[in-house]
Amino acid sequence: MKLLAAQIYLAKLDYAEAIRQLRELKSTEASALRGRALWYKGDLDAAADELEAMLNDPDVVDEWAKSIAKLARRGQGRVPFTLSGGLLSAIEMPHVSQTAPYFVVPVEIDGELLLALISTGYAEVVLDSASRAEPSWVSMRFGGHLEVQDVPALTQDLSGISKQVGAPIKAVLGVNLLRHLHVTIDFGGRQFVARSFSPPPPPDSTRIPLYYAKGGGMFMKSGLGTGTGSLLIDTSMSLPMSLDEGGWKKAG
């Protein structure tokens, strides 16, 4: 029950309570959850300890944990997602597809201007492995005004995503960064706004509670047919909605 409770609190981004629930548990799964909670909380050394303890289990294969543990060890003295410069930056998002609603935004990473895909199915920032061989800490600038220092970035071959989107995508922006930047997106107006503060909600809007799988990918509860289900919100998908077999059954 404590493992389940910790998973729920982690999905709600209540890191302190997730860690408290796991305080007396010593299993591999407990170390995995503790490591994620400590990582998102910004406690780098403790996160590395827990993730390395999990990876010592020969039955565990977790590339995310392996990369994050390395980053956490290299991050001593860093304060992840340190914001500086202006209070906000509004950036025009380029049209890259006539058929799919991809969210693409120009961003400067370590002084290089490139195109990044916003993907709420990803937890972290991911850089194209063709330009960067290993996970690293990077600096990002949006619109020449708002700067984010000490951003953890993983690496992955993004050539498939570039082909899918139809643009030279060199980075993916995941929800860990988007949360720190208090991002809002106006798709109709093609505007991406990053802020150093949390904005008030629009006056005419519907607020939907969001949750995060293992503290990462974004999802929400939704009515589906006669029942309810959890829907992963992935802004990098080309389809407006995609259901698995269980989803189609619930939808009738």
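Reader: What makes the meeting of Arg141 and Glu108 a salt bridge?

Author: In this predicted model, the side chains of Arg141 and Glu108 come to 3.9 Å, N to O, and a salt bridge is defined as a side-chain nitrogen of Lys or Arg within 4 Å of a carboxyl oxygen of Asp or Glu, so the pair qualifies. Arg141 lies in strand 6 and Glu108 in strand 3 (residues 104-109), so the pair ties together parts that are 33 residues apart in sequence. Helices (H or I, at least four residues) and strands (E, at least two) are DSSP runs numbered from the N terminus.

Reader: How do you know which residues and atoms count here?

Author: Residues are numbered from 1 along each chain as its sequence is written, and side-chain values use heavy atoms, with hydrogens and water left out. Because the model is predicted, local features need pLDDT of at least 70 and side-chain atom pairs count only at pLDDT 80 or more, whereas totals for chains, interfaces and linings use all residues.

Reader: Why is Arg141 called partly exposed?

Author: Its relative accessible area is 27%, and buried means under 20%, exposed over 50% and partly exposed in between, with a 1.4 Å probe and protein chains only, so Arg141 falls in the middle class. Glu108 also has a relative accessible area of 27% and is therefore partly exposed.

Reader: What makes Asp110 and Arg132 a salt bridge, and where do they lie?

Author: The closest N and O atoms of Asp110 and Arg132 are 3.3 Å apart, which meets the salt-bridge limit. Asp110 is in the loop between strand 3 and strand 4 (112-118), and Arg132 is in the loop between strand 5 (125-128) and strand 6, 22 residues away. Asp110, at 43%, is partly exposed, and Arg132, at 24% relative accessibility, counts as partly exposed.

Reader: Why is the contact between Arg73 and Glu52 said to tie together parts of the chain?

Author: The side chains of Arg73 and Glu52 meet in a salt bridge of 2.8 Å, N to O. Arg73 lies in helix 5 and Glu52 in helix 4, so the pair ties together parts that are 21 residues apart in sequence. Salt bridges that share partners join Asp49, Glu52 and Arg73 into one network, and the structure holds 12 salt bridges.

Reader: How do you know that the span of helix 5 agrees with its number of residues?

Author: The expected span of a helix is 1.5 Å times one less than its number of residues, so the 12 residues of helix 5 (residues 63-74) should span 16 Å, and the 17 Å between its end C-alpha atoms agrees. The buried residues of helix 5 are Trp64, Ala65, Ser67, Ile68, Ala69, Leu71 and Ala72. What covers them, by contact (heavy atoms within 4.5 Å), includes helix 3 (28-41), helix 4 (44-55), strand 6 (136-142) and strand 7 (146-156).

Reader: Why are strand 5 and strand 7 called paired?

Author: Two strands pair if DSSP finds at least two bridges between them, and strand 5 and strand 7 have four bridges in the parallel sense, so they qualify. Val125 stands opposite Ala153 in strand 7. Strand 5 and strand 8 (residues 169-173) pair in the antiparallel sense over two bridges, and the bridge partner of Val126 in strand 8 is Val172.
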